Amino acid sequence: MSVDFSALHEPLVEWVYDRTGGDPMKYASLAEFGQSHGLDEKQTFGLLQYAKTRGLLSDRFVSFGDPAANLTSQGLDWMAERRRRRSDPAARAAAARRGLLVWLFHRKHDEIPFPAVAGVLDDPLSLFEGERLTSREIDRASAYLSAKRLIQGDRDASSDGPVYAEITAEGEDCVENYQGAIGAYERRNAGGNTTFHIGENTGNIAANSRDFTMNATTHKDGIDPAAIVMLARALRQAAPVLELPEDDVSEFTQLATRIEAEAASGSPDPGRLQRWGTSILGILNSPVVSGALGSVLAAYTGIVLPGLPPA
């Protein structure tokens, strides 16, 4: 049986965190986690090794025949950031809206008319940072998407939004062309005036400025992790001055954080970097901004993003 370690390593890190109380000097046996996910001992060791390559777990306390793990300092930082994002109301709202919209897109293409909106709570699309969103958050998302005319349906006396809904043609456009990024979809016909100068990296962005400077260098092996980390931090620093809607600022920041974590993992996945980089460009959705950032991302990662020229 093939095991998707990329899907399981984050739940594993949180599982170890919960059982050790976040103490890196304590360890947790992974046998119970492996059994609960249908893994044999060899596969559990493989999952631990995968988490180690990303710098999140260590096996300093492992004993023969018993996979065990403790958190690394990077794993602790990762958990702290994850819990911060998880408690961010704006980030949760954005995830609920996007998840529900994409879920309804798939239901329409499965030819299921007007499904119960609450059905998304049984789908991974209602997970945010490993935690299930609440029915109240999904109801608010339904109301928001209906007000934006991305879905349609009828509400009842106890709900804010439609309880049975269907995605509209506008909603389908948002999913198909903007991956469900609502802010990017709404700005699709708007121009942008943000300028990104590609030069020596200053490491800072001036207050009330929409310009920042970045030096783009390509590693001899195609991916320079240190440079990608620096880029991700600069993107996150830029978020407050880009004048994006609140939902997009939250998503933009999350994507930059994920790019940084992936680059710092020790074995960055180019596919993930490309996917998250493309999502950032989708949020910005300005020919000027997208072109400049696309060149930077391509130079740092060695990847040419879809629709953009190589750096």
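## Strand pairing and the open sheet

Two strands are taken to pair if DSSP finds at least two bridges between them. In this predicted model, strand 1 and strand 3 meet that criterion, pairing in the antiparallel sense over 2 bridges. Within this pairing, Ser-29 stands opposite Ala-68 in strand 3. Strand 3, residues 68–71, also pairs with strand 2, again in the antiparallel sense and over 2 bridges. Here Leu-71 of strand 3 is the bridge partner of Leu-57.

Together these pairings give an open sheet of 3 strands in the order 1-3-2, with antiparallel pairing. Strand 1 (28–29) and strand 2 (57–58) stand at the edges; each has a single partner strand, so one side of each is left without a neighbour in the sheet.

Strand 3 is covered on both faces. Ala-68 and Asn-70 are buried on one side, and Ala-69 and Leu-71 are buried on the other.

Thr-72 lies in the loop between strand 3 and helix 4 (73–86). Thr-72 counts as buried because its relative accessibility is 18%, and the cut-off for burial is under 20%. The C-alpha atoms of Thr-72 and Leu-57 are separated by 5.3 Å, although these residues are 15 residues apart along the chain. Leu-57 is also the residue whose bridge partner in strand 3 is Leu-71.

## Aromatic contacts

A pair of aromatic rings is described by the distance of the centres and the angle of the planes. The structure holds 3 aromatic pairs. One of them is formed by Phe-5 and Tyr-50, with 6.1 Å centre to centre and 50 degrees between the planes, a tilted arrangement. Phe-5 belongs to helix 1 (residues 5–20) and Tyr-50 to helix 3 (residues 41–53), so the pair ties together parts that are 45 residues apart in sequence.

The accessibility of the two residues can be stated individually. Phe-5 is partly exposed, with a relative accessible area of 22%. Tyr-50 is buried, with a relative accessible area of 18%.

Two packed helices are described by the angle between their axes and the distance between the axes. The axes of helix 5 (residues 89–109) and helix 6 (residues 135–147) come within 9 Å and cross at roughly 70 degrees. That angle makes helix 5 roughly perpendicular to helix 6. The crossing of these two helices is right-handed.

A side-chain contact involves residues with numbers inside these two ranges. The charged end of Arg-97 sits over the ring of Tyr-144, 3.6 Å from the ring centre.

Glu-111 lies in the loop between helix 5 and strand 4 (127–128). Its phi is near 60 degrees, a positive value in a residue other than glycine. Glu-111 is exposed, with a relative accessible area of 70%.

Phe-114 is found in the loop between helix 5 and strand 4 as well. The phi of Phe-114 is near 45 degrees, which is again positive in a residue other than glycine. At 37% relative accessibility, Phe-114 counts as partly exposed.

Terms used: Residues numbered from 1 in each chain as written. Predicted model: local features only at pLDDT ≥ 70, side-chain atom pairs only at ≥ 80, totals over all residues. Heavy atoms only, no water. Helix = DSSP H or I, 4+ residues; strand = E, 2+ residues; numbered from the N terminus. Phe/Tyr/Trp six-rings, centres within 6.5 Å; stacked < 30°, edge-to-face > 60°. Buried < 20%, exposed > 50% of the residue type's maximum accessible area, 1.4 Å probe, protein only. Lys NZ or Arg CZ within 6 Å of the ring centre and 35° of its normal. Axes fitted to C-alpha atoms, helices over the stretch in contact; angles between N-to-C directions. Parallel < 35°, antiparallel > 145°, perpendicular 65-115°, else oblique. Left-handed = near helix turned anticlockwise from the far one by under 90°.
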